[in-house]
Amino acid sequence: MPKRVDHAERRTEIAEALVRVAGRRGLHAVGMRDVAAEAGVSLRLVQYYFQTKEKLLLFGLEHLAERFGERVSARVRAAGERPGPRAMVEALLMAALPTDDESRTFHHLYTSYAVLSVNDPALAAQPFIRNPDAAEDALTELLRQAQEEALLEPGVDARLEAAGLLAMSAGLGTGILVGQRSPESATAVLEHHLDRIFRTDDAAG
């Protein structure tokens, strides 16, 4: 009896191959043939699952986003049994900083995809990510929760601060990638801005 193929698993294996080869050579230099060779499968099989390079890249981006969510969850678990809003905010922001091989690959490829989509009509025609506001919505909700618990300074606009913190995290991540600053320096900048909007223990008490 022929072995049953798990199509979802096969697609994930191909996406992992894309991430590996793109992490080494850059997203712009990767073709479907390169990904097939990295995955140890035929080019025809990659084309069967993804039809075009653009669809492969989009799936790879979604795969990276899922892995990022797992990194955030791991940081939240590491913060203790009942982490407060600030610990949750820090988990989300710090997970995005390229401080190890996996997070460097995530930031590199995510940024590369955005740049490629500016000039590539086929990429631009696809959604960059399925829910582009997911991270901002999650961060806004955490800040609003902190407001309800009187943990933020008066007058903080949760939505604006969430957008600003995410933009800052992305910019700091690029700075780390190009050697402009160290991960420790980037972390200190984020902590400084969190200290600005979160109340101290004395003030909250």
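The largest cavity in this predicted model has a volume of about 60 Å³. How many cavities of 30 Å³ or more are there? The count comes to one.

Let's look at what surrounds that space. Its lining is made up of Leu18, Val19, Ala22, Leu27, Leu57, Gly60, Leu61, Leu64, Leu109 and Tyr113. Which helix gives the largest share? That's helix 4, with four residues. Sort the lining of the largest cavity by class and you get nine nonpolar residues, one polar and no charged ones.

Helix 9 (residues 158-177) and helix 10 (residues 183-197) have axes that come within 9 Å and cross at roughly 165°. Angles over 145 degrees count as roughly antiparallel, so helix 9 is roughly antiparallel to helix 10. As for its handedness, the crossing of these two helices is right-handed.

Who does the touching here? On the helix 9 side, the contact is made by Glu161, Leu165, Met168, Ser169, Leu172 and Ile176. Helix 10 brings Pro183, Ala186, Val189, Leu190, His193, Leu194, Arg196 and Ile197 to the contact.

Terms used. Residues numbered from 1 in each chain as written. Predicted model: local features only at pLDDT ≥ 70, side-chain atom pairs only at ≥ 80, totals over all residues. Heavy atoms only, no water. Axes fitted to C-alpha atoms, helices over the stretch in contact; angles between N-to-C directions. Parallel < 35°, antiparallel > 145°, perpendicular 65-115°, else oblique. Left-handed = near helix turned anticlockwise from the far one by under 90°. Contact = heavy atoms within 4.5 Å. 1 Å grid on protein atoms, 1.4 Å probe; cavity = no way out; pocket = protein on both sides within 12 Å on 5 of 7 lines; lining within 4 Å. Points joined across faces, edges and corners; volume = space filled by probe spheres on them. Nonpolar A, V, L, I, M, F, W, Y, C, P; charged D, E, K, R; others polar.
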